[in-house]
Amino acid sequence: MAGGVAVLGAVVLVGWAFDVPVLKSVVPGLGTMKPNTALCFVLSGVALGLQAGGHTSVAGRRIAQLCGALVLLIGVATLAEFLFHVDLGLDALLVPVAAPLGSPYPERMSETAALSLACAGGALLVLDSRHARAAAQILAFVVALLSLTALVGYAYGQRALYASDPFTAVALHTALGFAALAIGILCARPDRGMVAVFVGDTAGGAMARRLVPVALALPLALGWLELAGERAGVYPAAFGTGWFAVSTVVLLVAAILLYADSVSRLDAKRRYAEQELKRSNEELERFAYVASHDLQEPLRMVASYVQLLAKRYKGKLDRDADEFIDFAVDGAVRMKALIEDLLAVSRVGTRGAPLIPTDANAVLEHAIASLRLAIDEAGASVTSDRLPVVAADAGQLEHVFLNLISNALKFRGVAAPHVQLSAEARDGQWVFRVQDNGIGIEPQYFDRIFLLFQRLHAKTQYPGTGLGLAIAKKVVERHGGRIWVESEPGRGSSFFFSLPVITGG
């Protein structure tokens, strides 16, 4: 979208520079895209392209914001010219245009185009602002609505929908450019806003994907047919209006009922996927409990006797025997830890306490107290900003803190470990951050480390079962959030997890 918008503006500028009518108006006799509008399309395309995907560098983000600000300024200044009946000299800065008979401002874009540019520039300027993300979505939606109105005017042959007077009209390719720009802005951040709902793997997303195309295409098609019938003299205007209203209602109700029926059938299947999953989880929990109990008893006996052998006979046998005994003791200890972690995984969703308002600061204090010996041995420091009150199972939240802090102590670099915890509100969620100065993680392992039994290092290098982060992930998901990591090898890691903000009284 970004490239197409920028190319469109550049092509029109070439058309004005070399006086090529087809590039200025597409169809002879229709409105032309003005030079300053074309320039704004180029700036908007550059801004959108730089911000697409959300991984822009600081310099790229600044350039994008500058382009957005220029588009906003041009749009607002043009609106001011119309509102206060003044000529600021902006219209002929690029290419002087010969004035049509009776036109006071031949190079000036239409009011609709100016409003669209002001909204698009504002949306590009605040696209990644934490406090104005909703505003970016609303502004882009306004641009989409204005462009749709102009395109319907062209499709229906109704000039009043794309022109405000005989001399200022939204050109056809201008309306198409605004439509592409609006879609590009909305899709630039697909993880939030209207697009997130539309593409989401949810009932709401499925409903939007099925009903939105119907809601767009059906009234537009029926309206065109109604107007065509009137113009052909098939029926009078009053009959056509009534036919359009009744047809729209009947077909929309039919579409809704058909979709509702499919949703009901899917919901029935879902309730049955859920019952089977609940039964399977209950059986898995019983198996895990029995297995852990039955395995731990003989394991304790094996470990006890092996440790007794080590205590009584270490140094009295040959070197190989001492080594074999050490291997056996280490294996028994690791097996015990593995069984306990597997049991913890199985109990996250079924043995957790209710989610109630919980002071995360108190939970963190308990976690730090439990890790005090390890913190002191590592010569580490753990600091925290003020944390919020969240709806949580205190015991499980403490486990998340324990795991992330202990990992920071374990995977440390040359410098003494330092762990910093903080939290900030983002889009209805508290996002916690646990930042360390450890060895870091390669980007290709960002997802893998949260899977069961996934280790990036040998057991001899860093001890553990490979289940800690998997348990933390299940805990966070049980609380309605998600967990992820940002890291760079040799420069530490930042683990993030989100928890919903407590709402209501």
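Predicted model: local features only at pLDDT ≥ 70, side-chain atom pairs only at ≥ 80, totals over all residues.

Visitor: What makes Asp-19 and Lys-24 a salt bridge?

Guide: Their closest N and O atoms are 2.8 Å apart. The cut-off is 4 Å, so the pair of Asp-19 and Lys-24 qualifies.

Visitor: Are the two partners, Asp-19 and Lys-24, buried or exposed?

Guide: One of each. Asp-19 has a relative accessible area of 53%, and exposed means over 50%, so Asp-19 is exposed. Lys-24 comes in at 11%; buried means under 20%, so Lys-24 is buried.

Visitor: Which other Asp has a positive phi?

Guide: Asp-427 does, at about 50 degrees, and that one isn't a glycine either. You'll find Asp-427 in the loop between β6 (418-426) and β7 (429-436). With a relative accessible area of 53%, Asp-427 is exposed, because the label needs over 50%.

Visitor: Back to charges. How many salt bridges does the structure hold?

Guide: It holds 10. Among them is Asp-376 with Arg-372, the closest N and O atoms being 3.7 Å apart. That value is within 4 Å, so the pair counts. Both residues lie in helix α13 (residues 372-378), 4 residues apart, about one turn of the helix.

Visitor: Why is Arg-372 called partly exposed?

Guide: Its relative accessible area is 41%.

Visitor: What about Asp-393 and Arg-478?

Guide: Their side chains meet in a salt bridge at 3.3 Å, N to O. This pair links distant parts of the chain, 85 residues apart: Asp-393 is in the loop between β5 (389-392) and α14 (394-410), and Arg-478 is in helix α15 (residues 468-478). Asp-393 is buried, at 7%, while Arg-478, at 26%, counts as partly exposed. There's a network of salt bridges too, linking Glu-81, Asp-87 and Arg-108.

Visitor: Now helices. How do you know that α1 and α3 are roughly antiparallel?

Guide: Helix α1 (residues 2-17) and helix α3 (residues 35-51) pack at about 155 degrees, with axes 7 Å apart. Angles over 145 count as roughly antiparallel, so α1 and α3 are roughly antiparallel to each other. The crossing of α1 past α3 is left-handed.

Visitor: Which residues make the contact, and what kinds are they?

Guide: On α1 they include Val-5, Leu-13 and Trp-16; on α3, Leu-39, Phe-41 and Val-46 are among them. The residues of this contact divide into 14 nonpolar, 3 polar and no charged.

Visitor: And what makes Thr-37 buried?

Guide: Thr-37 lies in helix α3, and its relative accessibility is 2%. The cut-off is under 20%, so Thr-37 counts as buried. Leaving aside neighbours within four places in sequence, Thr-37 is in contact with Met-109, Leu-117 and Thr-174.

Technical notes: Residues numbered from 1 in each chain as written. Heavy atoms only, no water. Axes fitted to C-alpha atoms, helices over the stretch in contact; angles between N-to-C directions. Helix = DSSP H or I, 4+ residues; strand = E, 2+ residues; numbered from the N terminus. Parallel < 35°, antiparallel > 145°, perpendicular 65-115°, else oblique. Left-handed = near helix turned anticlockwise from the far one by under 90°. Contact = heavy atoms within 4.5 Å. Nonpolar A, V, L, I, M, F, W, Y, C, P; charged D, E, K, R; others polar. Buried < 20%, exposed > 50% of the residue type's maximum accessible area, 1.4 Å probe, protein only.
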